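The entries follow in the order I made them.

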2 protein chains.
Amino acid sequence: MIVDTLIHARWIIPVEPESVTYEYHSLVIDKGRIIDLLPTQQAKTQYQGTTTENLVDHALLPGFVNCHTHAAMTLMRGIADDLPLMEWLQNHIWPLEQKWMSEAFVRDGTDLAIAEMILGGTTCFNDMYFFPDITAQQAVQYGLRACVGLIVIDFPTIWAENSAAYIAKGLDIHDHFRHQPLISTCFAPHAPYTVSDEPLQKIRTLADELEMPITMHVHETAHETEQALAEKGQRPLERLHNLGLINPAFMAVHMTQLTDEEISRFAESGAHIVHCPESNLKLASGFCPVARCLAAGINVALGTDGAASNNDLDMISEMRTAALLAKAVAEDASCVPAMTALRMATINGAKALGLEHEIGSLTVGKSADLIAIDLNHLETQPLFNPVSQIVYAASRHQITDVWVAGKQLLKQRQLTTINLPLLKQRILEWQDKLKH
Amino acid sequence: MIVDTLIHARWIIPVEPESVTYEYHSLVIDKGRIIDLLPTQQAKTQYQGTTTENLVDHALLPGFVNCHTHAAMTLMRGIADDLPLMEWLQNHIWPLEQKWMSEAFVRDGTDLAIAEMILGGTTCFNDMYFFPDITAQQAVQYGLRACVGLIVIDFPTIWAENSAAYIAKGLDIHDHFRHQPLISTCFAPHAPYTVSDEPLQKIRTLADELEMPITMHVHETAHETEQALAEKGQRPLERLHNLGLINPAFMAVHMTQLTDEEISRFAESGAHIVHCPESNLKLASGFCPVARCLAAGINVALGTDGAASNNDLDMISEMRTAALLAKAVAEDASCVPAMTALRMATINGAKALGLEHEIGSLTVGKSADLIAIDLNHLETQPLFNPVSQIVYAASRHQITDVWVAGKQLLKQRQLTTINLPLLKQRILEWQDKLKH
């Protein structure tokens, strides 16, 4: 049988079923989908690929699902470091955004983020930012999958004047991209302290009707929970429960402040946590109790957060930090083993976005969103377990090839859909503007 | 004037003086030493290099000083993950060491570590392992600087039968390498729970006489301090103070368990802490209170620990983890800013080893131990502050060139002193042996 792409790999880590690693197997891709996964010897007799890849030193695995980004903020990477969250936002990020926010800013920042994400093996990202239509458009242009967050915030910005306008513009984007297979949308109310009850109630109704997920920063810092308790008499999570928001279509991003009762109630709701360990560390926001959340049965996905507070969009590094930090926080070195970290970065992200039937594992029938990592680098030798090497020793520079929906976006470390010199030139122009 | 090497760089980060970054400057190297640092325009008129490097996109900085390694253990990278310290040691690492430890094991493992360290910008490492003579010999062979720890432990191994033998063999190594400029030595009693008072007293006397530093794992876990308190009625640090060990020539590695009184007393002693954040996280050992230690005036250096518990020898990643983790542990995002992390990885390490007059900064008169990082990667764009990009965004793969004592060990990412294919072949043989 002639197929679009046939990939022979030293290892295939499908993620589902869990803890399985196939050796000398091949993945068969046709019309953008995975149609078979079988031993290479058999594959060579059964299939002929229009394109064939021989990845003799590589592991093939599902692409990373980065469940929390502010892609355009990559333009502000390193512009203000070593500051607490509110000072960083109020004195640096928000003033810069007020001055420079535009379609061009979002386009160029998103392009930089998309290039960095493809180079780092991310095949799907969930974004929250202004001009989400531009974010969706750029993702389509470069072939990357995105769940685009339709931002809602109480105060006016260049993107919308009030919460009704944010919601209306969001719905237009939802309609515009509804038949675009790479794009899905979710509501993205910014945070409990920046969105009031009325828009949240409206979002809840619309999300139910349109079957859209909701993503929101929740319990990012102790300051947030303490202030809410002082001002409104309840912690933000309780308010969101009371508003009916916390359900299997809800993603709570950060969640560093959690009581045992909150963990139990959240687990019962079927909602998801998006853990952003490097951002939480850098902004000294606190520690998400990942091991306790996983033990309670909560689906925990991973996000890098924006590159202005990370300072990268590197999901390998985020997996490693998540695995290492969870052990120390739980005082148990057996917490979040390498395979769990890899699941957080792949299938758990797909589940959080409601896309688990389409992506997140190398399963026959799913979209061909996958990456190859060359493990024959000195830094990943010797090799006793490829999953351990990927999570604890490999660098994103070892990722050689990336496919989304069967289309190759990275080929032997070369971007196939992005003109890198031109992109760098545009970034340089923003660097000059932003620093003055 | 004709000199050995003239390096023109986009940025030079000398580390001393602190917080200075020179733009379009040049470093002048002759006979292994830094003899000048001046604007490139001037350098071009004053000096002519036998070798000249034009690093138009690069930052030049002192090489990293990795203050805690078990280099040969790189052969066990990823062989046993996600386990607590004592289970990891007793059921996995020690049995494997008992079976396989030999001169050949130490030689090949050290070669792998040295290659990885050079590729990652480390120019000096402080090792603790068996057969330290082999470690020193391999470092000399490949041109890397090392402070070789002369291990002492109460129980017999293939290296020595009792503490007197460990010490005697150590002294032979000290004598043998005393005129080798790349090699210094220190005593390396393993830990308070594995070395008794008598050898510690002897080590203290010898270290004073020979002016050698001492390095030791101290307060790595709560289990260690609790067990000592239960069995001996005092915490290990108190015992070491009473034995007279804690002085400006002492390096305490790990130090995750520290009371305020212990921090004050340690600060007064002038002794050094070697912080190994990734190992402490991975083994769930605890959090070293770095911000409090720095505030008390303690010199805190950085180490990766062995690659069997890290799982790499990547000092850029270790700097990043140290900077991020310190903020969260102290609940203060302004703790350990990027420049402090870079100092921990360079000049603080040099101070801990008593080598600050020779290495740790790009200072006229010091040895030319330095590295170049190419910041013109998408992942470090835009660029507002090179130190921030190096600590928070760059990867070790961006390190292009490495010099030790003026000799170039890495040239455009190619190792100049190591035959990489042959090394990989030897590692593969060990992989086969160790996994059966």
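**Entry 1: the largest pocket**

Which helices each supply at least two residues of the lining of the largest pocket? I noted first that the model is predicted. Then I looked up the helices. Chain A supplies H12. Chain B supplies helix H2 (85–100), helix H7 (222–232) and helix H8 (236–242). I see that both chains are named in that list.

Next I asked which helix gives the largest share. It is H7(B), with 7 residues.

I looked up the volume of this pocket and found about 630 Å³. The lining has 33 residues. Closest to the centre are B:Met86, B:Thr221, B:Ala222, B:His223 and B:Glu224. I sorted the lining by class: 15 residues are nonpolar, 10 are polar and 8 are charged.

**Entry 2: the second largest pocket**

I moved on to the second largest pocket, with about 490 Å³ of space. I counted 29 lining residues. Nearest the centre lie A:Leu89, A:Ile93, A:Trp94, A:Glu97 and A:Phe130.

Which elements of chain A each give at least two residues here? I found helix H2 (85–100) and strand E6 (122–129). H2(A) has the largest share, 7 residues.

The classes came next. I noted 18 nonpolar, 8 polar and 3 charged residues in this lining.

**Entry 3: where chain A meets chain B**

How many residues of each chain are in contact with the other? I found 61 in chain A and 61 in chain B. The two chains bury about 4,900 Å² between them. Carbon and sulfur atoms account for 63% of that area.

I then looked for polar contacts across the interface. The rule finds 18 residue pairs, both residues at pLDDT 80 or more. H16(A) gives the most, 7 residues. By class, the chain A side has 31 nonpolar, 14 polar and 16 charged residues.

**Entry 4: salt bridges**

What is the count of salt bridges between chain A and chain B? I wrote down 4. I also noted a salt bridge that joins the side chains of B:Asp312 and A:Arg320, at 3.8 Å from N to O.

Note on methods
Residues are numbered from 1 along each chain as its sequence is written. Chains are lettered from A and ligands numbered from 1 in the order in which they are written. This is a predicted model: local features need pLDDT of at least 70, side-chain atom pairs count only at pLDDT 80 or more; totals for chains, interfaces and linings use all residues. Side-chain values use heavy atoms; hydrogens and water are left out. Contact means heavy atoms within 4.5 Å. Buried area is the accessible area (1.4 Å probe) that two parts lose on being put together, summed over both. A polar contact is a pair of N or O atoms within 3.5 Å; within protein, one must be able to donate a hydrogen and the other to accept it, and residues adjacent in sequence count only if both atoms are side-chain atoms. Helices (H or I, at least four residues) and strands (E, at least two) are DSSP runs, numbered from the N terminus. Ala, Val, Leu, Ile, Met, Phe, Trp, Tyr, Cys and Pro count as nonpolar, Asp, Glu, Lys and Arg as charged, and the others, Gly among them, as polar. On a 1 Å grid over the protein atoms alone, a cavity is a set of points where a 1.4 Å probe fits but cannot get out, and a pocket is an open set with protein on both sides within 12 Å along at least five of seven lines; lining residues have an atom within 4 Å of a point. Grid points are joined across faces, edges and corners, and a volume is the space filled by probe spheres set on the points.
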